[in-house]
Amino acid sequence: MSYECILTELRGSGERKTGLITLNRPKQLNALNDQLMDELGQALLAFDADESVGCIVLTGSERAFAAGADIPTMAPHSFISAFKSGLISKNWETILQVRKPVIAAVAGFALGGGCELAMMCDFIIAADTAKFGQPEIKLGIIPGAGGTQRLPRAVGKSKAMDMLLTARMMDAAEAERGGLVSRVVPADQLLVEALAAADTINAFSGPSVLLIKELVNLAFQAPLKDGVAIERRYFHALFGTDDQREGMDAFINKRKPAFKQC
Ligand code: CAA
């Protein structure tokens with residue numbers, strides 16, 4: 001499949017590969033227009049369906065992960081046309097259907113829809129140059145891809161209100177302190193670190209990886225009691241896999257496990 005607004009490639013030396021997606025509208029700081037979001041959705045679903053792929057890394061350029069939804073193409077909308085066309089709807093939510101882990105590797109600006117897209121990934125590794133923000137209020141609008149909902153869950157109410165209401169940006173160090181990003185790395189190591197994290201995940205048993213992703217996401221929807229009960233059942237289910245026997249035998253015999261189930 002050839003794309004115009006993104007680049008895709010397979011990376012990794014192990015049996016299972018990483019699907020690398022690079023947002024590629026450099027002149028517009030990777031502003032997220034419909035074509036880009038359609039292509040991103042197609043690429044994500046293709047990697048999710050590809051048996052040779054274990055993980056997906058989503059990245060941008062040195063200057064911007066993405067500076068938000070594309071402002072000039074949004075500007076002419078009326079309420080009715082935004083509502084009828086489903087502005088910031090279907091093609092923005094494809095990422096939520098992906099069952100494999102998606103790691104956001106963020107350098108430079110992740111603003112508005114760019115910050116929201118990063119937050120829809122499973123975790124964010126940030127370059128020390130990263131800047132996060134939800135500046136929609138400056139445009140006379142509000143976030144439309146989950147910013148008012150995911151940001152408070154990530155950084156708490158006070159910091160989220162501060163960012164959303166003042167439109168100030170958060171640097172990488174503050175984002176790490178606040179829990180928005182999992183780690184901060186030097187900018188020139190961003191992709192190396194994100195791909196290494198993906199390689200680590202790729203070497204583990206596929207069912208464990210998929211179930212962890214599903215269960216952590218469930219933690220934001222289900223009451224604790226129900227989430228723990230479902231986790232317990234999946235925990236029991238994994239004792240029906242060869243990988244459980246392999247993992248525990250490898251530990252007991254002090255050797256490296258070779259997981260087979262992907
Ligand atoms: N849409 C379209 N084009 C954008 C863009 C966007 N969101 N952000 C930047 N660009 C374009 C600029 O128009 C500019 O293009 P030209 O060279 O043709 O003029 C180019 O990218 C470079 O931008 P700047 O010259 O502004 O670069 P800068 O370094 O001075 O500033 C910036 C960088 C702080 C990111 C600034 O561009 C900016 O504030 N961008 C808008 C950020 C924003 O408001 N994002 C939210 C969008 S709304 C949204 O995302 C809704 C939602 O919830 C989904």
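Helices (H or I, at least four residues) and strands (E, at least two) are DSSP runs, numbered from the N terminus. By that definition the protein has twelve helices and ten strands. Its radius of gyration, taken over C-alpha atoms, is 19 Å, close to the 18 Å of the globule rule for 262 residues, so the protein is as compact as a globular protein of that length. The rule is 2.2 Å times the number of residues to the power 0.38.

This is a predicted model: local features need pLDDT of at least 70, side-chain atom pairs count only at pLDDT 80 or more, and totals for chains, interfaces and linings use all residues. Residues are numbered from 1 along each chain as its sequence is written, and side-chain values use heavy atoms, with hydrogens and water left out.

Of the 262 residues, 43% count as buried. Buried means under 20% relative accessible area, exposed over 50%, and partly exposed in between (1.4 Å probe, protein chains only).

Now to the charges. Side chains of opposite charge can pair when their charged atoms come close. A salt bridge is a side-chain nitrogen of Lys or Arg within 4 Å of a carboxyl oxygen of Asp or Glu. The count comes to eleven salt bridges.

One of them joins Arg25 and Asp70, at 2.9 Å from N to O. The two sit in loops, 45 residues apart. Arg25 is buried at 13%, and Asp70 is buried at 6%.

Glu214 pairs with Arg99 at 3.4 Å. Glu214 lies in helix 10 (residues 206-218), Arg99 in the loop between helix 4 (90-93) and strand 5 (102-106), so the bridge ties together parts 115 residues apart in sequence.
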